Every structure is written in structure tokens, then in C-alpha cells.
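Please review the packing of this chain.

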Amino acid sequence: MSTPVESWVEESARLTKPAKIVWVDGSADEHARLVDGMLRDGTFIELNPKTYPDSYLHRSSPTDVARTEHLTYICTREKSEAGPTNNWMAPEQAKDMVRPLFDGAMAGRTMYVVPYILGPVASPYCRIGVEITDSAYVVASMRIMSRIGKVALDRLGHSKNFVPGLHSLGDLDPSRRFIVHFPEEQLIWSVGSGYGGNALLGKKCFALRIASWIARQEGWMAEHMLILGLEDPSGKITYMSAAFPSACGKTNLAMMVSGLEDQGYRVWTVGDDIAWMHVGSDGQLRAINPEAGFFGVAPGTNSRTNPNVMKALRRDTILTNVALTAEKEPWWEGIDGAPPTGLTNWRGEPYTFGKEPAAHPNSRYTVPASQVTCMSKDWESPEGVPISAIIFGGRRARVAPLVYQSRNWQHGVYVGATMASETTAANTGAVGVTRRDPMAMLPFCGYNMGDYFGHWLEMGRRVKHPPAIFHVNWFRRGADGRYLWPGYGENVRVLKWMLDRIEGRAAADETPIGYVPARGSLTLDGLNLSKDTLDELLRVDSTDWANEAEATGAFFARFGDRLPEELRQEQESLISRTQKTAVVPK
Ligand code: OXD
Ligand code: MN
């Protein structure tokens, strides 16, 4: 008698017709064999074994370099369940359309069956997925990003309690690329892409889209959030989670070397991209990181912006679409040191410095968490870490101040629901356009976002002491276009202000959008920030926010009667507050 997972593998093999089926066990020998094969067929290029041992460069197809949201679907029986922000197809229609693309797709190829666990193995909150893929690169990446192989299969046994994900590279033609999710049957199909969030099905597809659906039903939260611990001078660690749209510095923030280390403030990493948060037996909101590695954006990463990851990626790392030096070392825009000569660009062509970047703007490193020295001692804690603050943020050249605190949970949900950011290269499409991205979940929410807002409100009622909710913007620019805030390690000063707020030490001024730091409450010593710059960083302009309210009103209108009444009230409250006065807190 076949187990449920065996039956699904047999059924998938009948459809995709692979030459061979390999059940991935996750062992070191198996990994070595896979790497050998990839070096032989050109999927991997070995990096300098002296300076980057056991590390490899992978070049994806030039038309397959980012997530493709326009080809990503949520397939529920009712269109209204997917909501106005997701692409939708009826499940049968999606299957009829995509099944032919899988038919014979693995002919002559190996089918890998990758059982994996999301979350710490000992956690009651972990989940099992099984990805079938014909990409050895996906297997090697899943090995870093989750706990794969025997550990997952042993845990699954004869159970049917796993999320199946069928993936094939297909012919990599974008016109035959689809990433389709069936939340009602907890199934993922992905064809035509070998890249990141389209192909590593444990990440965005399961840990966010399918998990957010499950989480609503079961009363927990699957969020696009980093998790960090801020240690204070007494050694006490306060955990915070933060949602920012893709490529807004989540990884750098999560792994930050604190600018206030000499005052006893340090940052510890729990996760950089996804948080699963449950109400613990103590009534607190507790977060686990479902992942086991980091799939971070390389450009801009250097020993100032993220020294911890720069150290970690010196071995056992996969680099994707970065440039290569003559010494076979990875290179990207913004890495340390002078630009070298003899560079090969991400497409594998000789490179001369010019208009085009040498590394793709969405090039990535994939590195195991176990190699990162700033991981929190509790990062694999089975019950998760208790969350005291939730931070929302975006990339806004104007409008949003450096930091503000919401008045309460309900107002905080409004702050998250109205988040906006200028787009980056993590998705295919225009860069630098302001888009609404509630809770940074726009591309990742597996159901109607109106209901998702309702679920957030409901969670606030279920948690004994709901975390304080803040909003940050590291990216505000002055009239001359320059960033006003130094960012990176200095962001700890803003985290410290949050901690001081939570513990009742920091003063704040009330504005129409919430509380901003009162003068003197931010620790700014050593920064050399002029009073004018600070004024501009914290300025809340009523006209800007009245315009903002208009834009969010139009966004909210898309949800019709699925928008919770509480958010309508918050919207009205912002409008009436902005009509009163322009506020420059002093
Ligand atoms: C990611 C993303 O890759 O959000 O994490 O796009
Ligand atoms: Mn992300």
C-alpha cells in the first residue's frame, strides 16, 4: 500500500514522465553528487575554492530573474475568496490550462522528491511540505532554506498532512510560466521558472500564500516579516517583527551590527523574511521562522551594510546572477572594494563598466542560517520568541516620517493596511513606482485581503497583551534628493526608541498619524544630525497625509464590503485629524 506522499509522487510521475525519480534524503553525499552533476552540466560554476569554498554561481535564464506576480494565481472556487488584489482562476480552469504544460515536462530529466519541514523540527508549529522538482538547483537551494530529506519524511510517515508542490522548469518560456495555488486543497503548481520565490515552493508559495490561508482558519498569522531580538544593556532581549516590501533592507535590519553596541544594545537575528506567529499558551504572540537560510538580495550588500552576512557567505553558499571576477569570486554593485578588471557579468559575458550593472539588480545569495554568527540563541526555540513590537515600513522618498507609533492595535492594523512603498527589482516590472502593499503581503496573501485585515483585527482581540505597532521609513529624502537618515546600523536608535516606548521611558508627540518621537527622546549622540534634518525626518505634513488618505480611500474601495468597519472608522479619523492643523512636532 502506497503512503499518501508515494501516491502523489506516482501520479505526478505519470503526468510529467521523468527518466528517473530520486527521493532526496538530505545527506552530505547526496549533495556532493548533485553538485558534481551541476558542475558537469553547467548549472553551477565553482567559485574560488580558497576564498569561497563549496560555493557556486548559478546563472538563471535571462528571462527568469525575479518573481512574476502577473503569472501568479490564487485558485479558489469563488473569485471573491481570492479578492481584488490577487490574480484568480477557477481551480478546474487553472488545472486544465497548466496540466498540459506538465505533461511530459520531465521526459529525459530526473524528478527529485524533496520532503521538507518549515519551522524548527521540535516546534509544535512546524509544517511539512513536499516539493517535486526537475531542477537540481532548486534541490540544493531548498537544502539551505529548509530542513529537507529524511528528517521530514520520517516526521511525515503515513500521514497525508503535507502540502504538495509540483514544480518543473518546463521550457522556461515566460509565456508558458504559471505559479498557481489551490488553497482549498493546499496544493501548489509551478511551471516555467527556476527562480527563487517562483521555484523554491517552501518560501513564498507555502510559507506565505498557502500558510496565510491555513493560519486564518486556525487562528494564527503567516506574515512577510523579519524577526529580531534587541538586547539592552542589562542583557534582556525584546523581540520585534517587521514587515517591509521586498528589497527594502529586511535582511540588513535583521542582521544589523548595532551602532549603539558600546552602549550595550545589540541585535540578534531570528529570521529575515517570514514569521509564523501563534498565540502561545501564555497568551503572548510568539513567532517562529519557518526557514533555515537566507535568500538575500546581493547588490548593495557589503561590510558596512551587512557585515554578518558578508562573513557568512564565504563558504557553502549559492550565488545567483551575480558577476564573477577573474579570480572566480562573486561581485556585485555596492560590494566592498574598487571595481575589478576582467569581470564577467551575470549573463556570462565579458563586462566593461557602463550603463548596465554587472550583477543583476535582483541577484541573490543563498546561505544557511547556521553560518550566520548573529543568530539569536532562541532562533529555533520550539514555542517561538515573544513579540513585543510589530514594525511596518516602506521605501518613501517623502510623506512618511522616520518613525511613528500607532495609537493602539486597531490603528496599527490601519497603519499596516495602508502601507505603501516604491517598487524594487524583486518583482518583474517598473522600479520606483509607489504602490500600496498592505503589511508587505500584497503579492503573498493567499486570500481576500479584506478578510485578511479582519483576521489581523481578530488576532489583536485574542492576544493578551497585543504588541505595540510602529511604522518606519529609512528612506526619506531632503529637497536635494539625499537620504536624511544614515540607516543600517544606526537604525538601532529607532529600535531603542521603540523599546523605550514599550517600557514607558520615551516621550512622544501626538500627530494626526500617531506618536512621533519628542525632541530628545531619540538617542542621536555621535550622529551629527542637524536640527533641520531631524525636523524634516519627523515632519508630519497634514496636506501630504490628506492626500495619502485620499489614495488609501481609493485603495480601500476595491475591497467593497469585505473591508472591516474598523478600518473605515480609522480612515475617517485620519481625514478629520489631518483637516485640523499642520503639525511639526517640537
Ligand atoms: C523575497 C521577496 O525574495 O520578498 O524575499 O521577493
Ligand atoms: Mn520577501
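A charge sits over a ring if NZ of Lys or CZ of Arg is within 6 Å of the ring centre and within 35 degrees of the ring normal. R216 does this with W213: its charged end is 5.4 Å from the centre of that ring. R216 also lies over the face of Y447, at 4.1 Å from the ring centre.

The model is predicted, so local features need pLDDT of at least 70 and side-chain atom pairs count only at pLDDT 80 or more, while totals for chains, interfaces and linings use all residues. Residues are numbered from 1 along each chain as its sequence is written, chains are lettered from A and ligands numbered from 1 in the order in which they are written, and side-chain values use heavy atoms, with hydrogens and water left out.

**Aromatic pairs**

Rings of Phe, Tyr and Trp (its six-membered ring) pair if their centres lie within 6.5 Å; planes under 30 degrees apart count as stacked, over 60 as edge-to-face and the rest as tilted. The structure holds 22 aromatic pairs. One of them joins Y351 and F353: the centres are 5.0 Å apart and the planes stand at 80°, so the pair is edge-to-face. Burial is set by relative accessible area (buried under 20%, exposed over 50%, partly exposed in between; 1.4 Å probe, protein chains only). Y351 counts as buried because its relative accessibility is 12%. F353, at 46%, counts as partly exposed.

Y414 and F556 make another edge-to-face pair, 6.0 Å centre to centre with 75° between the planes. Helices (H or I, at least four residues) and strands (E, at least two) are DSSP runs, numbered from the N terminus. Y414 is in helix α11 (residues 409–417) and F556 in helix α15 (residues 542–557), so the pair links distant parts of the chain, 142 residues apart. Both rings, Y414 and F556, are buried. Ring pairs also place them in a cluster with Y447, Y452, F453, F555 and F559.

**Helix α11 against α16**

How do the axes of α11 and α16 lie, and at what angle do they pack? Helix α16 spans residues 565–578; the angle is about 85° and the axes are 9 Å apart. Axes are lines fitted to C-alpha atoms, for helices over the stretch in contact, and angles run from 0 to 180 degrees between N-to-C directions. Angles under 35 degrees count as roughly parallel, over 145 as roughly antiparallel, 65 to 115 as roughly perpendicular and the rest as oblique. So α11 is roughly perpendicular to α16.

Contact means heavy atoms within 4.5 Å. On α11 the contact uses Q410, H411, V413, Y414 and A417; on α16 it uses E566, L567, Q569, E570, Q571 and L574. By class, the residues are five nonpolar, four polar and two charged. Here Ala, Val, Leu, Ile, Met, Phe, Trp, Tyr, Cys and Pro count as nonpolar, Asp, Glu, Lys and Arg as charged, and the others, Gly among them, as polar.

| Residue | Helix | Relative accessible area | In contact with |
|---|---|---|---|
| S12 | α1 (residues 4–16) | 4% | M111, I132 and L166 |
| T552 | α15 | 2% | Y414, T418, R436 and Q571 |
| S141 | α5 (residues 136–145) | 1% | L200, I318 and T366 |
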